[in-house]
Amino acid sequence: MNDLIEIRWHGRGGQGAKTASLLLADAAFNTGKYIQGFPEYGPERMGAPITAYNRISNSPIRIHSNIYEPDYVAVVDDTLLESVDVTSGLKEDGAIIINTTRDSEYLKSVLKGYKGNIYTIDARKISMQTLGKYFPNTPMLAAVVKVSNIIPEEEFLADMEGSFKHKFAKKPELITGNVEALKLALNEVIKL
Amino acid sequence: MSIRERLSGNEASAIAMKQINPDVVAAFPITPSTEIPQYFSTFVSNGTVDTEFVAVESEHSAMSACIGAEAAGARAMTATSSNGLSLMWEMIYIASSTRLPIVMSLVNRAVSGPLNIHNDHSDAMGVRDAGWIMLFSENNQEAYDNLIMAHRIAEHKDVLLPLMVCQDGFITSHSIENIELLEDEKVKEFVGKYTPEHYLLNRDEPIAVGPMDLQAYLFEHKFAQAQAMRNAKKVILDVAADFEKMTGRKYSFFEEYKLDDAELVLVCMNSTAGTSKVVVDELRERGIKAGLLKIRVYRPFPAEEIAKALSNAKAIAVLDKADSLNAVGGALFSDVTSAMFVNNINIPTVNYIYGIGGRDTTTKDIHSVYSDLQEIVNTNKVNNPYRYLGVRGNN
């Protein structure tokens, strides 16, 4: 991989975009990487647009600013596509990963001619199927790992299972559901 | 063996406090430092530390409680930001002039108003003359390391001054990054036990703390305080040397990054130093002799050492994350240029006020500063040394 990978997350307050960025930082850290995971704090409320960031590298990360030319963009909520310039600065040899069921014609029209790869995933369906509730961040996390190739899939799954066991020690029913959501998402992310 | 971890700057600071295990922590929550007392209070509840945690009703009381605890002979710590520090202001001076080595974690944030919760250095700059030792930290690692070194400096018998460890609010306080932690026993051994010479709870030596101090003595006491601040310089270096022996991590008054042969030099503090290192590397690849001087110890101000380190530059930019609103320039700029003047160094130097209220400072911004320095060298002319970096509406 390149020495420094930069990822920008777009979501709405309460959907877990910040948590997804922290989980990705954790997973990459556990494979020996240098990481940064940070949200852009604003006057956020439930439902308001929020941004979070990741830097992942094989060497120490010294830069401390937001990310303006990301390698990857993850959009957790497709209703943001018309109001937020999600492809701003996104590298053309990078990719955007969107949680959506909208068709490619619509997506291409709202992405303002973005020339890089566009991936979609139905995180709602996966989340409802595996967890019975709408938590888009777990499937989105797996989709970003799949597309960006930052962490080998097997290592990622094993590591996340360990994290879930720790995190949900008192709610074991969530462990299998979340692992299942990751596995489904790794297979169901589609390139347009 | 150090412990490889990933923590936010706030988590790192709370863990340093846990390992230090002070006698008293008194704090009132304020963004973005809230998490420090929050995490620390869980260590208290879990019995991980045996600290007396005082959940006060205001920052004025937080500092007052720290003063009371230190005067009694205990080791006391607190954390705050911005207007929290403003509310402490009266007691900040009492802590230092009463020579109580309280340690504070200051997570830098703009002082209102209008209301802004984001980072700049206006809180710290407001107390720069209050007699506290002030250390600045580029990232979570330095915030942690500076706290581990803090008590050894503050409590030294030649110093006895309170000390604050600064880091950038949100930018490092809320960013998860890699960090190397020390084992609990190593920290305990390094920090050592606090054994004050004079304290209120010593029944063999009844004393008064903070009584009237009028014309007959305050002048001499102020002189002793000033002497203590001068003494702190040697102690800071001695403690850093011991810390390096334990960790391999080297600290001094400031960090010189590719400064030896640098012609274009930037001076700044806290997280922007990291961003600037990236830019220095990019410029060096293009054959431009760029360098960085990152201030760690702002009080005492290492004037002579800074002047010497800057003496080979051709143009210098000093970045201030707070404006002094004096129509001349920021506080760090005044300190650096005065250090150069009294040490007979005359190099074109400009000031940039930057990053106010959390305005993001990018590599692009830092590149523009180095281009301006190149322009100064090329034309041998400085137009307006007092500048605002990237501000809108300055046409």
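Visitor: How do H1(B) and H2(B) lie relative to each other, roughly parallel or oblique?
Guide: This is a predicted model, where local features need pLDDT of at least 70, side-chain atom pairs count only at pLDDT 80 or more, and totals for chains, interfaces and linings use all residues. The axes (lines fitted to C-alpha atoms, for helices over the stretch in contact, with angles from 0 to 180 degrees between N-to-C directions) of H1, residues 9–20 of chain B, and H2, residues 35–45 of chain B, come within 8 Å and cross at roughly 40°. Under 35 degrees is roughly parallel, over 145 roughly antiparallel, 65 to 115 roughly perpendicular and the rest oblique, so H1(B) and H2(B) are oblique.

Visitor: Which residues in H2(B) does H1(B) meet?
Guide: Residues are numbered from 1 along each chain as its sequence is written, while chains are lettered from A and ligands numbered from 1 in the order written. Contact needs C-beta atoms, placed from the backbone, within 7 Å. From H1(B), Asn10(B), Glu11(B), Ser13(B), Ala14(B), Met17(B) and Lys18(B) meet Glu35(B), Ile36(B), Tyr39(B), Phe40(B) and Phe43(B).

Visitor: Over to chain A: how many helices and strands are there?
Guide: Helices (H or I, at least four residues) and strands (E, at least two) are DSSP runs, numbered from the N terminus. Chain A runs β-α-β-β-β-β-α-β-α-α-α-α-β from its N terminus. That makes six helices and seven strands.

Visitor: What share of chain A's contacts with a separation of 6 or more joins residues 24 or more positions apart?
Guide: For scale, the C-alpha atoms of chain A fill a box of roughly 45 × 40 × 35 Å along the principal axes. Among chain A's contacts with a separation of 6 or more, the share from residues 24 or more positions apart is 63%.

How values were computed
Contact = placed C-beta atoms within 7 Å.
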